[in-house]
Amino acid sequence: MSEQIQPVRGMNDVLPAEITAWQRLESTARQLLAEYGYQEIRVPMVERTELFQRAIGEYTDVVEKEMYTFVDQGGDSLTLRPEGTAGVMRALISNGLLRGQRHKLWCDGPMFRHERPQKGRYRQFHQIDVEAVGFAGPDVDVELIALTARLWRRLGIERVRLQINSLGTPEARRIYREKLVEYLRAHHDQLDADSRRRLEGNPLRVLDSKNPEMRALIEAAPVLTDHLDGESREHFAALCAALEALGIPFSVNPRLVRGLDYYSRTVFEWITDALGAQDAVCSGGRYDGLIAQLGGEPTPGIGFAMGIERLVALMTQAGAVPAPAAADVFVVVNGERAAAYGLQLVERLRDALPGRRFELNLGGGNFKAQFRRADRSGAALAVILGDDELARGVAALKPLRRDAGQSESPLPDLAAAIQSALATAVET
Ligand code: ATP
Ligand code: MG
């Protein structure tokens, strides 16, 4: 045997044993997003590197050190997407879909960041992204947050809480930025290397540092919320009032600045105390300046991304993961003619009973082995077809999950007999 090929570090397989949670999350989100009027958009997994540099910002963890960037055979610098928003905005611009139009969109799929892999933090991870473009808010800000709160309820996720903040307008941030720079310069000796670099490039990012040694310094820094412009203050007050009116609990976290550069005004994050250090499960905010920054006509927008792996972990902890669906009917075939005929019979039954799960015994085996398989399949009913039954034009039916005798049905009536046997199997 040749040597095994190792998987890529930080990139996981999702095995059938885990897939029901993923499917439940994805289908519930899909359904809910449709109920709120959001449409799916699919964009490439690879974009020009420049898109992310411009959208996310140079002085961010993502752009500074986490991007999977490569030069392709044509000499272009391309990057595996580290997040979804930039690509969706690029798609709206490239396809001429802005021009005063409004869009409510979602997309999902893998994202790539070269981070240090640990529980809840991977190099390929998955997000569901939701974007509302052309809405200045704050009503849409409220509705988006209400949508996420409803999603947690539908999924049975309880251990999450909402934090919000406002980053104000770029002008208000400029004023605040001067205050912050003054403060950080005065404590220059306490800054780590990342923060020193950011102090020059984008000092607000210093507040986003994950270095525990920086925490005290950050706690004592001037607070952006104290320097908001009047309009942003009103926007934020309206958001808070509407959340209260909807009965969605939240707390204001003035240190919440979010990792990406493009946010303005509303930012929010759902965090959990159930997953250890990786506590953010859904993060988002308003990005009113982003589209213009990418060369599109100035259009306000707001969006969020949720981390599927972390939400699946929460669902699993809450016991909100459905069991994999079992077969309804297992078809036991005994004898050579019966085995050959079984293939046709099951296809005919599948024609007659769409939606029912049939499992045909494959690969032969004696009666006992086949019944063991039937039992393991979880099927409610076994249909038994032997050469002897076949000669008489019948099949036998045997309930597997309750004590009941075997019955027989003529082959032409078998679909109806299966339906009624399954109906009684469910009743008892
Ligand atoms: P964190 O603070 O955990 O690094 P972030 O601010 O970088 O998160 P965003 O870029 O806003 O996260 O992404 C939105 C969501 O995607 C996060 O709330 C989280 O649930 C998830 N996420 C982000 N990075 C990872 C990762 N490397 N592995 C798994 N999930 C992730
Ligand atoms: Mg991060």
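Which atom of ligand 1 has a backbone N or O atom of alanine 280 at 2.8 Å? An oxygen atom of ligand 1 lies at that distance from alanine 280. This is a predicted model, in which local features need pLDDT of at least 70 and side-chain atom pairs count only at pLDDT 80 or more, while totals for chains, interfaces and linings use all residues. Residues are numbered from 1 along each chain as its sequence is written, and side-chain values use heavy atoms, with hydrogens and water left out.

**Ligand 1**
- The shell around ligand 1 holds 16 residues, a residue being near if one of its heavy atoms lies within 4 Å, and the closest include Arg113, Glu115 and Arg258.
- A side-chain N or O atom of glutamate 115 is 2.7 Å from a nitrogen atom of ligand 1.
- By class, six residues of this shell are nonpolar, four are polar and six are charged.

**Salt bridges**
- There are 24 salt bridges, each being a side-chain nitrogen of Lys or Arg within 4 Å of a carboxyl oxygen of Asp or Glu.
- Glutamate 64 forms a salt bridge with arginine 197 (3.3 Å, N to O); because arginine 197 lies in helix α7 and glutamate 64 in helix α3, this pair ties together parts 133 residues apart in sequence.
- Glutamate 64 also meets arginine 198 in a salt bridge, at 3.2 Å from N to O.
- Arginine 286 and aspartate 141 form a salt bridge with their closest N and O atoms 2.6 Å apart, and both residues are buried, meaning under 20% relative accessible area with a 1.4 Å probe and protein chains only.

Methods. Chains are lettered from A and ligands numbered from 1 in the order in which they are written. A polar contact is a pair of N or O atoms within 3.5 Å; within protein, one must be able to donate a hydrogen and the other to accept it, and residues adjacent in sequence count only if both atoms are side-chain atoms. Ala, Val, Leu, Ile, Met, Phe, Trp, Tyr, Cys and Pro count as nonpolar, Asp, Glu, Lys and Arg as charged, and the others, Gly among them, as polar. Helices (H or I, at least four residues) and strands (E, at least two) are DSSP runs, numbered from the N terminus. Buried means under 20% relative accessible area, exposed over 50%, partly exposed in between (1.4 Å probe, protein chains only).
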